[in-house]
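Colleague: I have a model open and would like to walk through it with you. Could you start with how you describe the angle between helices, and then take me through the packing?

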Amino acid sequence: MRRLYLAVLLLELVGLFAMASADHVVDEFAGPPVRPVLTDPLAGAPKGLEVYYSQKLFWRSCDEWYDDWFDDDHECALLKVPLDYAEPRGDRGRISVLRVPADPARRMGSLVVNPGGPGHSGMDFADVAGEVFAHPILERFDIVGFDPRGTGSSSFFDCLSDSAMDEYLALDPTPDDAAERAEFAEATEAFGAGCSADDDAPYYAHVTTVEVARDMDVLRAALRHERLDYFGASYGTKLGATYADLFPERVGRMVLDGGLGELNDDAAVPSQVKGFQTALEAYVADCVEGGDCVLGGSREAGLARISKFFDGLDAASLNTDDPDRDLTEGHALRAVVSQLYSRAYWSSLTSAFEDAFAGDGTALLSFADAFTGRWPDGDSWYYDGTWESFVGITCADDPSSLTVDKIPARVPAFEKVSPIFGKMAAYGLATCSGFQGRSLHARHQINATGIDPILVTGTTRDPATTLKEAEALASKLESAVLIRRDGDGHTAYNSGNECVDEAIESYLLDGTVPTGTLDC
């Protein structure tokens, strides 16, 4: 049960739904027998970091450390990294790594993977690689996932007790008056302060994307590869792009799926707000087209029904099968967001709406719990700090924040873009207000030159990383080739689009690069 739930949660959050475990594309092995091997791990090692670059990974069965959490055939190791790269002789950190071995007779090298977040476990992602990657890739690459700093087994954030976390997530995320705004501000400040209050606070000041990208280069050396072959999804594309910016000469075959890039316009509302509104409208239209839609007989009626439902939850929560927890507006908003990551979840969302309209919020609460990493058996246990790590790493990268009293003036612009999600997103601008730690590596600007061709994907109705963001990311990476998928859901690979899958798999296996932007 534990492993099954974990796999479902991971695939839901990242949006990499396995349409089929397939040999979709490449039947013949056309690439070189081995990716470039690093014969001297100290070649190019930054001064002072030789002890880290020369280390070997000692692989052992994951069961020795993690009981039955991971597949019996998968191997785990620990990677040593400096806590602060500016002081390599200072404190050390340990990064947990998992490897899914390739076929020894056909192995090309290692493909390092990251599922996004930030805050999601790369070890979990690698552990379910058989549900994500085509068989030829699994045959020829060791799939290597690691838990970035502040994530999973590499020491995750724990900002609140479980009961306090329940209260925080049940809080009204769309305060309507001064009293509700004061409550929201107090809770936000307490959350951030809690992330800096324990003995691990110095560690949490060193969880930025730049530092994780530097860890990836240490991992590359420990794997004994001259270049890093990498597959990153969602936030994992920001991580890969940062690596390419810092180490352009060490970039191998790199796929950035669901590109996350900063837009150059001066829009007051993040593009993701529009992305989720667009995805919601597509979901409602699909429900209506299917006939007998519980939401209504037209897209407009369906959106109005959902809006009315949230207004009702803002006034009074809904019963669930948990006698101690009701479905609040905050839970329901996060639940709907989670189900927009993949078309495959739309039918489940419709069923959950049907239950909720009949007075039962159990299904929506379960979606919200999965999204925030809460264990599904009724116990209050946030088992891997997913939500806290997401916020903590995000705020380490960009600590800018608004005080709650300044947000009401921003709400109309957000609601104009997204009548459903806009107000919650506007109040999200206060998220980092309670964080006390500040990093020297915040707000790193990417402008990678001198890199080999890499692939960036974007999807027309991606709710989380919009096509415009993918285009912006590709423009920052010299030699990047953009793949545009026309479709719904988050990320493009293994979403049922053969054009996308063929391009990515041919690139990873034999280095074939599309000639110019590819429309799929």
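Predicted model: local features only at pLDDT ≥ 70, side-chain atom pairs only at ≥ 80, totals over all residues.

Colleague: Fine. How do helix 13 and helix 15 cross?

Modeller: The axes of helix 13, residues 329–339, and helix 15, residues 362–372, come within 8 Å and cross at roughly 75°, and therefore helix 13 and helix 15 are roughly perpendicular to each other.

Colleague: Which residues meet there, and what classes are they?

Modeller: On the helix 13 side they are His-331, Arg-334, Ala-335, Val-337, Ser-338 and Gln-339, and these meet Leu-364, Leu-365, Phe-367, Ala-368, Phe-371 and Thr-372 in helix 15. By class, the contact of helix 13 with helix 15 has seven nonpolar, four polar and one charged residues.

Colleague: And how do helix 11 and helix 14 pack?

Modeller: Helix 11, residues 271–289, packs with helix 14, residues 346–357, at an angle of about 80°, the axes being 11 Å apart. That makes helix 11 roughly perpendicular to helix 14. Helix 11 contributes Ala-279, Ala-282, Tyr-283, Asp-286 and Cys-287, which meet Trp-346, Leu-349, Thr-350 and Phe-353 of helix 14, and the residues of this contact divide into seven nonpolar, one polar and one charged.

Colleague: Let me step back for a moment. How many helices and strands are there, and how much of the chain is buried?

Modeller: The protein chain has 20 helices and 10 strands, and buried residues make up 57% of its 520 residues. Of the contacts with a separation of 6 or more, 74% are between residues 24 or more positions apart.

Colleague: Which residues of helix 19 are buried, and what do they pack against?

Modeller: In helix 19, residues 467–476, the buried residues include Leu-467, Glu-469, Ala-470, Ala-472, Leu-473 and Ala-474. The buried residues of helix 19 pack against helix 10, strand 7, helix 11, strand 8 and strand 9.

Colleague: Changing topic, how many aromatic pairs does a search of the whole structure find?

Modeller: The search finds 19 aromatic pairs. In one of them, Phe-184 with Tyr-427, the ring centres are 5.5 Å apart and the planes stand at 75°, so the pair is edge-to-face. Phe-184 lies in helix 7 and Tyr-427 in helix 18, so the pair ties together parts that are 243 residues apart in sequence. Phe-184 and Tyr-427 are both buried.

Colleague: What about Phe-309 and Phe-310?

Modeller: Their ring centres are 5.7 Å apart with the planes at 50°, so that pair is tilted, and Phe-309 and Phe-310 are buried as well.

Colleague: Which residues do ring pairs link into a cluster?

Modeller: The cluster is made of Phe-276, Tyr-341, Phe-371, Trp-387, Phe-390 and Phe-421. Trp-387 also has Arg-334 lying over its face, at 5.9 Å from the ring centre, and elsewhere the charged end of Arg-305 sits over the ring of Phe-357, 3.7 Å from its centre.

Colleague: Last topic, the backbone. Which residues does a cis peptide bond join, and which residues other than glycine have a positive phi?

Modeller: A cis peptide bond, with omega about 0°, joins Gly-117 and Pro-118, and Pro-118 is in the loop between strand 4 and helix 4. Among residues with a positive phi, Asp-292 has a value near 55° and Thr-491 one of about 70°.

Technical notes:
Residues numbered from 1 in each chain as written. Heavy atoms only, no water. Axes fitted to C-alpha atoms, helices over the stretch in contact; angles between N-to-C directions. Helix = DSSP H or I, 4+ residues; strand = E, 2+ residues; numbered from the N terminus. Parallel < 35°, antiparallel > 145°, perpendicular 65-115°, else oblique. Contact = heavy atoms within 4.5 Å. Nonpolar A, V, L, I, M, F, W, Y, C, P; charged D, E, K, R; others polar. Phe/Tyr/Trp six-rings, centres within 6.5 Å; stacked < 30°, edge-to-face > 60°. Buried < 20%, exposed > 50% of the residue type's maximum accessible area, 1.4 Å probe, protein only. Lys NZ or Arg CZ within 6 Å of the ring centre and 35° of its normal.
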